[in-house]
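Try each one before you read its solution.

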There are 2 protein chains.
Amino acid sequence: MPRPSRLTDEEIGAALKDLSDWTLKDGSIQKIFRFADFIAAWGFMSRVALIAQAMDHHPDWSNVYNTVQIKLSTHDASGVTRLDLDLARKIDGTL
Amino acid sequence: MPRPSRLTDEEIGAALKDLSDWTLKDGSIQKIFRFADFIAAWGFMSRVALIAQAMDHHPDWSNVYNTVQIKLSTHDASGVTRLDLDLARKIDGTL
């Protein structure tokens, strides 16, 4: 299956209206998630890891205790594609 | 148990001689780990998560596909403490 092509900022902006708190910055869509503690943050990350692996599309993400920052972009397309929006939707669906 | 106190750069430098590839930078000890793929990187992160939670001492870390960057410092001490060196040793022990 060919990788989806890079979306324009306008297309991304339109799609982000249907997503909560994701923003476009530096060529990726980004969101910061805060949880009660590390156990809750790690539980979330574990769910996202399984989803990402199943999609063969992985986040650029960081964690400090109860906070997880996720950045999504498609390396092959040098920008944001439909794949990133799909993953963002699935990530929000784990909450 | 009281948190350990902040170590001097000299003390940290001496301790890092016994650790492989950890460096002191911006008030934390840091190391980048590379694996075959995301599954291997995630397996490593899962081991570190359990160790960190058991120590109640958590890393500042990020992951992109097969790469994991870990930064260790002790928030309460505003710097690197013996706790960070202990965690670094245990992290290397999972490899």
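Two rings of Phe, Tyr or Trp (for Trp, its six-membered ring) make a pair if their centres lie within 6.5 Å. Keep in mind that you're looking at a predicted model.

**Exercise 1. Find the residues that ring pairs link into a cluster.**

Step 1: Start in chain A and pick out A:Phe38, A:Trp42 and A:Trp61, which belong to the cluster.
Step 2: Now go to chain B, where B:Phe38, B:Trp42 and B:Trp61 join in through ring pairs.

**Exercise 2. Work out how the rings of A:Phe33 and A:Phe44 are arranged, and which parts of chain A they tie together.**

Step 1: The ring centres are 4.7 Å apart, with 35° between the planes.
Step 2: Planes under 30 degrees apart count as stacked and those over 60 as edge-to-face, so the rest are tilted. The pair of A:Phe33 and A:Phe44 is tilted.
Step 3: A:Phe33 sits in strand β2 (residues 28-34) and A:Phe44 in helix α2 (residues 38-55), so the pair ties together parts of chain A that are 11 residues apart in sequence.
Step 4: Buried means under 20% relative accessible area. A:Phe33 has 4%, so it counts as buried, and A:Phe44, with 0%, is buried too.
Step 5: Over in chain B, take a look at B:Phe35 and B:Phe44, a tilted pair with 4.9 Å from centre to centre and 35° between the planes. Both B:Phe35 and B:Phe44 are buried.

**Exercise 3. Is A:Arg6 buried or exposed, and what does it touch?**

Step 1: Look in the segment before α1 (9-16) of chain A; that's where A:Arg6 is.
Step 2: Its relative accessibility is 53%, so A:Arg6 counts as exposed.
Step 3: Leaving out residues up to four places away in sequence, A:Arg6 touches A:Ala77, A:Ser78, A:Gly79, A:Val80 and A:Thr81.
Step 4: Take A:Val80: it's 74 residues from A:Arg6 along the chain, yet their C-alpha atoms are separated by 5.5 Å.
Step 5: Follow the side chain of A:Arg6 and you'll get to the backbone oxygen of A:Ser78, at 2.9 Å.

Notes. Residues are numbered from 1 along each chain as its sequence is written. Chains are lettered from A and ligands numbered from 1 in the order in which they are written. This is a predicted model: local features need pLDDT of at least 70, side-chain atom pairs count only at pLDDT 80 or more; totals for chains, interfaces and linings use all residues. Side-chain values use heavy atoms; hydrogens and water are left out. Helices (H or I, at least four residues) and strands (E, at least two) are DSSP runs, numbered from the N terminus. Buried means under 20% relative accessible area, exposed over 50%, partly exposed in between (1.4 Å probe, protein chains only). Contact means heavy atoms within 4.5 Å. A polar contact is a pair of N or O atoms within 3.5 Å; within protein, one must be able to donate a hydrogen and the other to accept it, and residues adjacent in sequence count only if both atoms are side-chain atoms.
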